[in-house]
Amino acid sequence: MSAEKPQETVFSVRNLWKVFGPKADRIPGSAHAGLPAGELREKTGCTAAVRDVSFDVRKGEVFVVMGLSGSGKSTLVRCLTRLIEPTSGKLSIDGEDVLAMDRARLRELRRHRAAMVFQHFGLLPHRTVLDNVAYGLEIQGLGKAQRRAKAAEVVEKVGLTGMENRRPSQLSGGQQQRVGLARALAVDPEVLLFDEPFSALDPLIRRDMQEEVIRLHREEGRTMVFITHDLSEALRLGDRIALMRDGEIVQLGTPEEIVASPADDYVRDFVRDVPREQVITVRHVMRAAEGDEAETGPAITPGATVAEAIEAVARAGSPARVMDNGRCLGVVDSDLLLGVVAGTRQEEVAA
Ligand SMILES: Nc1ncnc2c1ncn2[C@@H]1O[C@H](COP(=O)(O)OP(=O)(O)OP(=O)(O)O)[C@@H](O)[C@H]1O
């Protein structure tokens, strides 16, 4: 998760709908379009898995799609490469209209530009780790020596060195997922799409894999779209999170925006148990410096979390200065910080 990113758009999605059921294409824009899911199903027999959704995925960000089971996450992300055909709306990648792509161009999109990492790894059981990783390159038509060299490089990148010649059945779940990740990485795609890749893994290995994704992202800055139903995973990985309910995006924002300024009661409920001090940063909490406060006290960055600031303030026994390039933006004292922890203070975080 890098702090500064260019704002170039990779995927641009506008008013996208995916409706399953009879005469699905008649639903968007009709009088039925706004009906709650149950009523829509009763009246039309249709399910609107994705409803009038608009967003951009920016270059270099980790864009998380989060929501409960059935909220439309998988359908939405599969629509991005037309693994599921959208019912209506606009969709482009790097400015190119995805809905206008012919079969060859679509194949190229899925093989080279937006590779998917699935929950059920999709590994070939009779092939070695190295050959599984090289598989995508084989489809691309790369020669054997070249693809083995590239595969070996990626195997090392995901920490599987020494296991090149094992078969998938000789690996743990976490290791198998690393192979799946390596296979997607091997084709050097512009975007990696993750469909709940870690949900079958036990918590410790899952944490390991999350760290792996964060590390890879730090090293490479590759754009990632990551589906999860797990809030802590979303908060840990996401630069921005789109929170879905019944096919709609109910809030799109940074983890901090979502935790500090939930858009409605649904989101508020969702984030209620999040330790706010670990997500909210001091730039949204600080007050103006008074007296000589701008010259004294420990220095912290505007991006420091409230939890980090509490530590600094406690250690120094005085308010901390929020410093940016040698300039004091404001100060935080223990009253302010503890107010955030207790939830008695409402930060103003524009969502
Ligand atoms: N092929 C299909 N035909 C009919 N309805 C479908 C189809 N695929 C998905 N749906 C419905 O669309 C809605 C969204 O499903 P989707 O799988 O996208 O949700 P999800 O958020 O990814 O759920 P999960 O976390 O359980 O995978 C659900 O109500 C689902 O039943």
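What is the handedness of the crossing of H5 and H6? The crossing of H5 and H6 is right-handed, meaning that the near helix is turned clockwise from the far one by less than a right angle.

This is a predicted model, in which local features need pLDDT of at least 70 and side-chain atom pairs count only at pLDDT 80 or more, while totals for chains, interfaces and linings use all residues. Residues are numbered from 1 along each chain as its sequence is written.

**View A. Packing of helices H5 and H6.** H5 (residues 144–157) packs on H6 (residues 173–186) at about 130°, with the axes 9 Å apart; helices are DSSP runs (H or I, at least four residues) and strands likewise (E, at least two), numbered from the N terminus. Axes are lines fitted to C-alpha atoms over the stretch in contact, and angles run from 0 to 180 degrees between N-to-C directions. Lys150, Ala151, Val154, Val155 and Lys157 of H5 meet Ala182, Leu185 and Ala186 of H6 (C-beta atoms, placed from the backbone, within 7 Å).

**View B. Shell around the ligand.** The surrounding residues include Phe20, Thr47, Ala49, His229 and Lys73, where a residue counts as near if its C-beta atom, placed from the backbone, lies within 6 Å. Strand S2 (47–58) and helix H2 (73–80) each supply at least two shell residues, and H2 gives the most, three.

**View C. Domains 1 and 2.** Domain 1 covers 58–88 + 95–242 + 255–275 and domain 2 covers 277–342, with bounds from an automatic or database domain assignment. Their C-alpha centres lie 36 Å apart. Seven residues from domain 1 and six residues from domain 2 form the contact.

Terms used: Contact = placed C-beta atoms within 7 Å.
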